[in-house]
Amino acid sequence: MPTLLDVLAAGDASHQALVIPDGPSFTYSELRQRVAAAADLLAAHGLGRGDRIALVYPNCAEAVVLFLAAAACGTACPLNPAYKEDEFRFYLEDTGARALLVPPGGGEEARRAAGDGVVVIEAAIEPGGAITMTSIRRRSSATAAQPGEEDVALVVHTSGTTSRPKIVPLKQRNLAASVANIIPGYQLTDADVSVCVMPLFHVHGLVASTLATFGSGGTVVVPKFSPMAFWPVVKEHRATWYSAVPTIHQMLLMRGGSERPAGSEGLRFIRSCSSALAPATMAQLEERFGAPVLEAYGMSEAAHQMASNPLPPEPRLPGSVGRGTGVRIGIMDAAGELQPVGAPGEVVIQGPNVITGYEANPEANASSFTDGWFRTGDQGTLDASGYLRLIGRLKEMINRGGEKIAPGEIDEALLKHPAVGEAVAFGVPHPTWGEEVAAAVVLKGEASERELIRHCRDLLAEFKVPKRIHVVEQIPRTATGKIQRRNVAATFSG
């Protein structure tokens with residue numbers, strides 16, 4: 001089974017691998033050299049196999065090169081630059097990060113969150129393409145060892161229904177298998193150019209837009225996303241596809257005018273993932289941009305993709321996330337029995353891209369794995385042709401434009417305010433984001449909605465901050481006294 005370095009080795013040495021508009025560009029030969037040099041610099045800082053290396057970068061050349069280098073030397077832990085200090089502290093401590101990579105002069109909140117055991121390294125790509133790393137740690141002459149397929153390449157957190165996210169350890173072979181699953185489904189070749197608009201600290205942007213393109217020897221273009229600047233980038237670089245959440249697709253539809261944008265004629269397909277795509281939006285995209293829209297289904301525990309609608313001439317079904325892509329998909333009831341065609345139940349998966357367990361979480365593993373199947377927490381049906389339709393979520397995560405938010409984390413932040421006695425966060429429908437964050441609180445002191453939102457903004461990344469907080473005398477409960485978020489959400493969503 002190959003590793004990420006094997007994936008990167010697929011491209012022709014002189015072919016363009018990575019392009020940053022208004023920034024550096026690298027051929028495959030140059031990219032491999034930069035990744036190897038960065039991995040050796042990390043090793044010279046005393047980092048090696050099994051060490052967790054956190055990265056705090058927006059979408060840029062460093063986000064790609066340093067991720068690959070960290071995964072080659074140790075284990076990469078990319079983090080959202082929008083996190084606040086307390087959030088960074090949690091993720092750094094939870095992963096046991098030994099190093100934190102930040103841009104020169106940047107990552108202030110992450111730096112403050114780093115404990116004494118975390119070495120902070122300023123890392124950047126110079127105008128000439130050289131990698132620089134600066135820290136107070138004395139460097140040695142060590143070089144990075146080659147990773148094996150069982151080594152953990154990437155660690156991400158997935159939000160569950162409690163306040164504590166679960167650690168997802170993705171091995172080299174998991175990521176390589178996911179790349180190998182994606183390439184044939186979309187018939188990717190070295191002639192393809194992908195525009196990566198998804199964050200590179202999520203598996204959607206990392207695996208689908210970037211690694212799968214590298215694995216096919218194609219070119220990845222990483223712009224700073226703007227709806228108005230998107231199509232000029234597509235046209236200039238002759239992009240053949242892009243992948244995004246429905247929110248981004250809707251932004252492009254709203255700001256693109258009524259005419260077909262210049263550059264869209266080169267698109268072979270448009271991919272949508274990480275949140276449900278409305279059939280009406282799919283139809284609008286195809287009509288406006290003139291390319292087939294392929295909805296896919298992915299999650300961190302499967303190193304991203306599990307299913308996708310196929311390219312023409314095979315049917316792509318609106319409202320379906322398609323067929324399994326190198327992944328076996330089943331529907332299971334609560335007792336662990338696989339269900340017949342058409343019967344609803346929990347979506348379960350098997351495949352070489354799927355993790356074998358969460359890290360240090362036996363309780364989650366016991367509930368998430370049944371007879372070798374991973375239970376996704378999503379409810380769906382399979383038709384006779386193997387097309388999967390998702391009909392609901394068993395879990396209570398809030399899905400805001402593809403960002404999965406654990407409502408318990410919002411509860412915890414609200415409860416840190418001295419005037420809050422009880423708090424329950426939930427998702428409410430939103431025309432653009434799919435869901436928006438809201439909450440209901442019972443006060444034990446004086447506080448306004450505006451004050452509570454400001455309090456959350458101090459503790460949470462902006463996308464997690466409730467946009468509406470309902471101050472109530474009591475939280476709705478079931479007859480047995482339990483709080484069920486879906487019932488609370490129904491009460492305040494009208």
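Which residues of the largest nonpolar core touch the most other members? In this predicted model, select L18, L31, L42, M133, L170 and F214, which hold that position among the 89 residues of the core. Helix α3 supplies the largest share of this core, with twelve residues.

Next, centre the view on L42. Apart from neighbours within four places in sequence, L42 is in contact with L47, I53, A69, A70, C73, L101, I121 and M133. A second, separate core comprises 39 residues, among them F88, A97, L414 and A423.

Then display helix α3 (residues 61–73) together with helix α7 (residues 203–215). Their axes come within 13 Å and cross at roughly 75 degrees, so α3 is roughly perpendicular to α7. Select V64, F67 and L68 on α3, and L206, T210, L211 and F214 on α7, to see the residues that make the contact. Six of the contact residues are nonpolar, one is polar and none is charged.

Proceed to the open sheet, whose nine strands run in the order β2-β1-β11-β10-β12-β13-β14-β15-β16 with mixed pairing. The edges are formed by β2 (25–27) and β16 (323–324); each has a single partner strand, so one side of each lacks a neighbour in the sheet. Within the sheet, β14 (residues 293–299) and β15 (residues 304–308) pair in the antiparallel sense over four bridges.

Helix α2 (residues 28–44) touches β1 (16–19) and β2, and its direction makes about 100 degrees with that of β2. Helix α9 (residues 246–255) touches β12 (241–244) and β13 (269–272), and its direction makes about 120 degrees with that of β12.

Notes
Residues numbered from 1 in each chain as written. Predicted model: local features only at pLDDT ≥ 70, side-chain atom pairs only at ≥ 80, totals over all residues. Heavy atoms only, no water. Axes fitted to C-alpha atoms, helices over the stretch in contact; angles between N-to-C directions. Helix = DSSP H or I, 4+ residues; strand = E, 2+ residues; numbered from the N terminus. Parallel < 35°, antiparallel > 145°, perpendicular 65-115°, else oblique. Contact = heavy atoms within 4.5 Å. Nonpolar A, V, L, I, M, F, W, Y, C, P; charged D, E, K, R; others polar. Core = buried A, V, L, I, M, F, W, Y, C linked by side-chain atoms within 4.5 Å. Buried < 20%, exposed > 50% of the residue type's maximum accessible area, 1.4 Å probe, protein only. Pairing = 2+ DSSP bridges.
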